[in-house]
Amino acid sequence: MPHYNRYKSTYTKRHIEEKKKAKTNTINQYEDFIIKSTNESTGIVIETKYNEAIILFDNELIKAHLRKEINVPCNKIIFPGDVVTIKQNKLKEYYIENLIERKNLLSRIKKDSTKKDDIGIKNNIAANIDIAVIVVSAKEPPLHQKLIDRYLLILQENNMDFVICLNKADLKTNEDEKILDIYRKIKIPVIETSTVDCTGIEKLKDILRGKQAIFLGHSGVGKSSLTNLLIGTEKIKTSHTSKKSLKGRHTTTSSRYYIWDKNSSIIDTPGIRSLDVSNFNKNEIKEYFQEFKSLEGNCKYSNCLHYKEKIEDCIVKQALEKGIISKDRYYSYIRILEDIIKDEK
Ligand SMILES: Nc1nc2c(ncn2[C@@H]2O[C@H](COP(=O)(O)OP(=O)(O)OP(=O)(O)O)[C@@H](O)[C@H]2O)c(=O)[nH]1
Ligand SMILES: [Mg+2]
Ligand SMILES: [Zn+2]
């Protein structure tokens, strides 16, 4: 074997081994990064960036890096709402030593819409959520069911409590009222708010008090305006929806945690364009349409998708025909199902 080749092969071997070692080290370090509990005083993660996080520690906002052995971007492993232990190095800089085990972690699949076959990556949003508020708005942008039904899947899968909040109630139409009624009928909590005339703000506070909550929804629905009202200042930038498209301008660019009352916090998040649920299994989604499950009786086949099965074999289709379940919810289910089936092919 010529000399350079021998060199190359040992080099490659060593290189691969080092890479492997680095990978297992990262995993191990990451594993002991998470601890069950601690007696030390802890901080709460307010916002994360690539190489540092803003932490509320000892009643002060501090900037902290990850413990130096952990070679992962900060915003890839900790999220607003996380609880961490903080230490100081010799230079008196703060660093995050450990992450306290989470109650839950809210994530969604993010796909690159410019790439045709992109399978998407898991995008974590926030941790330790007690209640999620799905914020929608009347008129600007107009109220649609699509995002609500998709969020309901994700939140139920994560076992999180939720409430639908129709903001801009000052602009509400009869059409909006009909959509909200669909959810009221299936016992999903719905509240109406307006940051213009303060309708429903006290009610919203009553629901969120004592909890760690998060606002989710399209851009321009008023998540930051609601957050400003909760915290009682005009601290967060908000922006008009585009006159032409009635869509928001994606004013908020990163998620951030705010304390607005004793033990009560809210995470304001950037508006999203759409919500991908293609990671769900096609047999799984019907479980999260609770009105299908609460029907009396059973479909002939236990794996019935309530889709192309015959009406005489399917109690969901029968209930649809009788008007017991909402057409809009049923077709919303079918659209999600068809998206998943298309993706599976
Ligand atoms: N009429 C009316 N307008 C509102 C209400 N709440 C917010 N707005 C307006 O809606 C626009 C968008 O509000 P934002 O709070 O920036 O919306 P956002 O959901 O935070 O948007 P992103 O940060 O882009 O996700 C602003 O011009 C607000 O003044 C409301 O209750 N009624
Ligand atoms: Mg905002
Ligand atoms: Zn069926």
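Below are my entries, one topic at a time.

**Ground rules.** I'm working with a predicted model, where local features need pLDDT of at least 70 and side-chain atom pairs count only at pLDDT 80 or more, while totals for chains, interfaces and linings use all residues. Residues are numbered from 1 along each chain as its sequence is written, chains are lettered from A and ligands numbered from 1 in the order in which they are written, and side-chain values use heavy atoms, with hydrogens and water left out.

**Zinc site.** I started with the zinc ion (ligand 3) and listed its protein donors: Cys299 (SG), Cys304 (SG), His306 (ND1) and Cys314 (SG), at 2.1 to 2.4 Å. Donors here are N, O and S atoms within 2.8 Å of the metal (3.2 Å for Na, K and Ca); water is not among the atoms, so sites may look incomplete. I call the site tetrahedral because the angles between the four donor atoms run from 103 to 115 degrees; for four donors the label needs all angles between 85 and 135 degrees. I also checked burial (buried means under 20% relative accessible area, exposed over 50%, partly exposed in between, with a 1.4 Å probe and protein chains only). Cys299 comes out buried at 14%, and Cys304 is buried at 2%.

**Rings.** I count eight aromatic pairs in the structure. Phe289 and Phe292 are stacked, 5.4 Å centre to centre with 25 degrees between the planes. The criteria: rings of Phe, Tyr and Trp (its six-membered ring) pair if their centres lie within 6.5 Å, with planes under 30 degrees apart stacked, over 60 edge-to-face and the rest tilted. Phe292 also pairs edge-to-face with Tyr333, at 5.1 Å and 85 degrees. Phe292 sits in helix α7 (residues 290-293) and Tyr333 in helix α9 (residues 327-344), so this pair ties together parts 41 residues apart in sequence. Helices (H or I, at least four residues) and strands (E, at least two) are DSSP runs, numbered from the N terminus. I find Phe289 buried at 1%, Phe292 at 5% and Tyr333 at 0%. Ring pairs link Phe289, Phe292, Tyr330, Tyr331 and Tyr333 into a cluster.

**Asn167.** Last stop: Asn167, in strand β10 (residues 161-167). Is Asn167 buried or exposed? Buried, since its relative accessibility is 1%. Leaving out residues up to four places away in sequence, I noted that Asn167 touches several residues, among them Val135, Ser137, Thr193 and Leu226; contact means heavy atoms within 4.5 Å.

Note on methods. Tetrahedral: all angles 85-135°; square planar, octahedral: opposite > 155°, others 65-115°.
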